[in-house]
Amino acid sequence: MVNPVHLKTLLEVSRLGSFAAAAATLGYTASAVSQQMSALERDTGVVLFQRSARSVVPTEAAVVMTRHAAKVLTDIEALMAAASKTQDSANQELRLGIFPSLATYVLPRILKNPAWKNLGIDLKVSVAEPGQTIQGLRTGGELDLAVVFQVGQTGFAWPNTINRQWIGDDDFRVVLPAGWGFRSDAKVAADHLSEMPWIMHHPGTSDAMVIERLFAGCNLHPRVVAHSDDFHASLEMAAAGLGAALVPELALRNKPAGVVVLDVPEIRLARNVFALIINDRKTARVQLFVDLLAETLAGMRTAVN
């Protein structure tokens, strides 16, 4: 199905003539706009833009789709307005479990978004790691919706009464103390970082095992000087010169002075973010909230220097 948000973005790109200008108008990054247009091309099976290093040129298919998109979006607004008049005016309570970095950087943006105020949701939030929030979804639990992440192929078990929806990725990046002499965003081979002091996840956790296998496959053998599952603590220790660390991009939004971010081509790993919804709680309002969460996360995926 075509995402109406992508149609709205298409209208702005066509009107303004560039991804960057549309991004500025909509409050996204140019990268997020590009990703939305690529998703729209996949969903529709047509090429919408001829891309070059300096410009994007709409195809004839894009011109035709733009004409129809305006009417579709108007019809959707009318549909939502009509539905809102026929439903009970009472807000729906939504008990949300969410992991810390998403609660820190993504959820506040949603709560400040004008679209949030129109959802009619009374939010109750529990901030915890995925294992805890999944437990809260089980029969008789205290949650309706949990936002969790998986690293690599590690998995969690959840009941068959749960609907899973992918909402985005949070890429890991290698950070080093600035005093080690590397420039930010330098491209470095993984084996050049071997035997250096590293701050690693606590051993035995699923995330740690995935990272250990990845490092071994890259011939990267870290000299572990600290164990930390708190990314902010890892960043501060790296800034103080203790060691290198692997942290997700969301945590880098509060990057301290004294660290540099490297591009290590062999280390490509992400936290895959999912919304887990109890089936009988998946109302139109909840789905709109999940869509808003996904769009906000996509808009924050920027290169971190």
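Helices (H or I, at least four residues) and strands (E, at least two) are taken here as DSSP runs, numbered from the N terminus. On this basis, the protein chain of the predicted model contains 11 helices and 11 strands. The radius of gyration of the chain is 22 Å, close to the 19 Å given by the globule rule for 305 residues, so the chain is as compact as a globular protein of that length. Along the principal axes, the C-alpha trace spans about 65 × 55 × 30 Å.

Of the 305 residues in the chain, 45% are buried. The accessible surface amounts to about 15,100 Å², and carbon and sulfur atoms contribute 54% of this area. Among contacts with a separation of 6 or more, 74% are between residues 24 or more positions apart.

The packing of one pair of helices was examined further. Two packed helices are described by the angle between their axes and by the distance between the axes. For helix 2 (residues 19-26) and helix 3 (residues 30-44), the angle is about 105° and the axes lie 8 Å apart. Angles of 65 to 115 degrees count as roughly perpendicular, and helix 2 and helix 3 are therefore roughly perpendicular to each other.

On the side of helix 2, the contact involves Phe19, Ala20, Ala22 and Ala23, which meet Ala30, Val33, Ser34 and Met37 of helix 3. The residues of this contact comprise 7 nonpolar and 1 polar, with no charged residue.

Conventions. Residues are numbered from 1 along each chain as its sequence is written. This is a predicted model: local features need pLDDT of at least 70, side-chain atom pairs count only at pLDDT 80 or more; totals for chains, interfaces and linings use all residues. Side-chain values use heavy atoms; hydrogens and water are left out. Axes are lines fitted to C-alpha atoms, for helices over the stretch in contact, and angles run from 0 to 180 degrees between N-to-C directions. Angles under 35 degrees count as roughly parallel, over 145 as roughly antiparallel, 65 to 115 as roughly perpendicular and the rest as oblique. Contact means heavy atoms within 4.5 Å. Ala, Val, Leu, Ile, Met, Phe, Trp, Tyr, Cys and Pro count as nonpolar, Asp, Glu, Lys and Arg as charged, and the others, Gly among them, as polar. The radius of gyration is taken over C-alpha atoms; the globule rule is 2.2 Å times the number of residues to the power 0.38. Buried means under 20% relative accessible area, exposed over 50%, partly exposed in between (1.4 Å probe, protein chains only). Accessible areas come from the Shrake-Rupley method with a 1.4 Å probe; for residues, only the protein chains shown count as cover.
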